[in-house]
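User: I am new to this structure and would like to learn how to read its features one at a time. Could you take me through them, giving the general idea before the particular case?

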Amino acid sequence: AVTRPDGTAHSFPSGHTSFAFTGATALYFEFKDSSKFVAYSGFAFSTITGFLRITNNRHWVSDVIVGAGVGMFATTLVWYINPLGQWDPFKKKKIAVYPAINNDGTVGLCFVF
């Protein structure tokens, strides 16, 4: 196992960068036709995440690059093979999903349609 620049274990790949680029890639696919600014903004924030992982001595450059690649590849793969990819209930119908906390402390999701 590769150690991090600060000497701790489990350096490869960068999970934070992977998650950041997963979100950025999904944002890109969702908004590339309607808002270029929103579509590309996620990549700016993801790049900053990766840069900060390096400057804070938490990852090597190779960890961040591979983490970004894993995030983008996984999201692209799921986006194109997902059979529900064209299903778009939130834009065509009035459907809402939100978290709910009951008086007894139980937590769940509320679906309104």
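User: Which residues does Thr-106 touch, not counting residues up to four places away in sequence?

Analyst: Before anything else, please keep in mind that this is a predicted model. Two residues are in contact when heavy atoms of theirs lie within 4.5 Å. Once residues up to four places away in sequence are set aside, Thr-106 touches Ala-100 and Ile-101. Thr-106 itself belongs to the loop between β1 (96–101) and β2 (107–112), and it counts as partly exposed because its relative accessibility is 36%.

User: Let me step back to the whole chain. How many helices and strands are there, and in what order do the elements run?

Analyst: The chain holds four helices and two strands, and, read from the N terminus on, its elements follow the order α-α-α-α-β-β.

User: How should I read the length of a helix, and what span should α1 have?

Analyst: The expected span is 1.5 Å times one less than the number of residues. Helix α1 has 17 residues and should therefore span 24 Å, which agrees with the 24 Å between its end C-alpha atoms. The 21 residues of α3 (residues 61–81) should span 30 Å, and here too the end C-alpha atoms, 30 Å apart, agree with that value.

User: Which residues of α1 are buried, and why are they on the same side of the helix?

Analyst: The general idea is that an α-helix has 3.6 residues a turn, so residues three or four places apart point the same way. In α1, the buried residues are Thr-17, Ser-18, Ala-20, Phe-21, Ala-24, Thr-25 and Phe-29. Because they cover an arc of only 165° around the axis, they are placed on the same side of α1. What these buried residues of α1 pack against is α2 and α3.

User: In α3, which residues are buried, and which are exposed on the other side?

Analyst: The buried residues of α3 are Asp-63, Val-64, Gly-67, Ala-68, Gly-71 and Thr-75. They cover an arc of only 135° around the axis, which puts them on the same side of α3. On the other side of α3, the exposed residues are Ile-65, Phe-73, Tyr-80 and Ile-81. The cover over the buried residues of α3 includes α1 and α2 (36–55).

User: With which residues is Thr-25 in contact, once its neighbours within four places in sequence are left aside?

Analyst: Thr-25, which is found in helix α1, is in contact with Phe-43, Met-72, Thr-75 and Thr-76 when those neighbours are left aside. A residue is called buried when its relative accessible area is under 20%, and Thr-25 counts as buried because its relative accessibility is 4%.

User: Which residues make the nonpolar surface patch?

Analyst: The patch, of about 440 Å², is made by Val-2, Phe-12, Trp-60, Val-66 and Val-70. One of these residues, Val-2, has its place in the segment before α1 (15–31), and it is partly exposed because its relative accessible area is 45%. Ala-9, also in the segment before α1, is in contact with Val-2 and Arg-4 when its neighbours within four places in sequence are left aside. With a relative accessibility of 42%, Ala-9 counts as partly exposed.

User: Finally, I would like to look at the backbone. What is the phi of Asn-57, and where does this residue lie?

Analyst: Although Asn-57 is not a glycine, it has a positive phi of about 60°. This residue lies in the loop between α2 and α3, and Asn-57 counts as partly exposed because its relative accessibility is 43%.

Note on methods: Residues numbered from 1 in each chain as written. Predicted model: local features only at pLDDT ≥ 70, side-chain atom pairs only at ≥ 80, totals over all residues. Heavy atoms only, no water. Patch = residues over 30% accessible without salt bridge, like charges linked within 9 Å, V, L, I, M, F, W, Y side chains within 5 Å. Areas by Shrake-Rupley, 256 points an atom, 1.4 Å probe, with all protein chains shown as cover. Salt bridge = Lys/Arg side-chain N within 4 Å of Asp/Glu carboxyl O. Buried < 20%, exposed > 50% of the residue type's maximum accessible area, 1.4 Å probe, protein only. Arc of directions from axis to C-beta.
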